[in-house]
Amino acid sequence: MSADRIKDIIGNLDFAHESNRELSTLIAEAQKIDGAVKHISQKAAAILASTRECFDYCIADIKSDFLAQETRNVYYPFHPDTLGNGKPLYGLLQTASPVYYKLLSVASVMQTGELIKGTMCSYSDARTVNELVNSKKHDRVIEVCESGRSRSRIEFPNGGIITVTPIFPLKENGLPDYSKPGPVGPEAWLHTPGVRVTAVKDFFFDAIGIEMSRIDVHGFCMTAITATRFILGEIYSVAYGQPLNLFHEKNDSQTAPAATQTPPLVATSKSPT
């Protein structure tokens, strides 16, 4: 099997990672002076769109290698019902059943929000990004300066300055509960003579009702990138015998142990669905 679009996925993820690192630097510089980040909405939108496109590349590979050429309207299945009887991807049951069941498994845990092993991301984060991109809301960024949500700047009498991040309680699945801010830390300094505590301007996606929107823009984008790396690594491991860390950063993928690889599948038949 060819899996021709692996390089496209790696290219998109490299672009997203480097763009997000640059965006983080711009945000940090802006926070020092309570300034703005020029074109932050467009920069963040490009990062999310790049991660979302990786799933298009993935399903294009699967369509090319495991489904009949005449199969039409094939999209990445972010929901289990898009893999049901009568749907284009249902044909994988006959041609590459392990791939079908892997896609179904991932779609199911996207629905339940299960944590991705080895990360602080959930499978549902990828679906959240898909929904944002499809609804054209991934370029709406708001500036927030709010105690308990934004970072806080602590200025000491000797001229020292530190910035601290809010602390959130954890949910049962181990992820932070962004709907319930916990103690943010600086309150302990509020009554200390000479110490000044102020909320720092931060930047969030304006997406009401989406829990990930409570993560700052840089963190949101990093979550999207990480979730994409791990999810597509799982799929390409099953479909093409690639290492699970195929899409991790280069220094990781170059040292992928052979034990993580499985033999590539061979389509049994590419009959029309």
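How do the residues of the lining of the second largest pocket divide into nonpolar, polar and charged? I find seven nonpolar, five polar and two charged, where Ala, Val, Leu, Ile, Met, Phe, Trp, Tyr, Cys and Pro count as nonpolar, Asp, Glu, Lys and Arg as charged, and the others, Gly among them, as polar.

I note the basis: this is a predicted model, in which local features need pLDDT of at least 70 and side-chain atom pairs pLDDT 80 or more, while totals for chains, interfaces and linings use all residues. Residues are numbered from 1 along each chain as its sequence is written, and side-chain values use heavy atoms, without hydrogens or water.

Pocket. On a 1 Å grid over the protein atoms alone, a pocket is an open set of points with protein on both sides within 12 Å along at least five of seven lines, a cavity is a set where a 1.4 Å probe fits but cannot get out, and lining residues have an atom within 4 Å of a point. The second largest pocket holds about 180 Å³. Of its 14 lining residues, V74, Y75, Y76, P77 and T82 are the closest to its centre.

Cavity. I count one cavity of 30 Å³ or more. The largest cavity has a volume of about 40 Å³, and its lining includes T51, F55 and T228. That lining divides into five nonpolar, three polar and one charged.

Residue. I looked up I225, which touches T51 among others (contact: heavy atoms within 4.5 Å). The C-alpha atoms of I225 and H248 are separated by 9.6 Å.

Note on methods: Points joined across faces, edges and corners; volume = space filled by probe spheres on them. Lists of a residue's contacts leave out its neighbours within four places in sequence.
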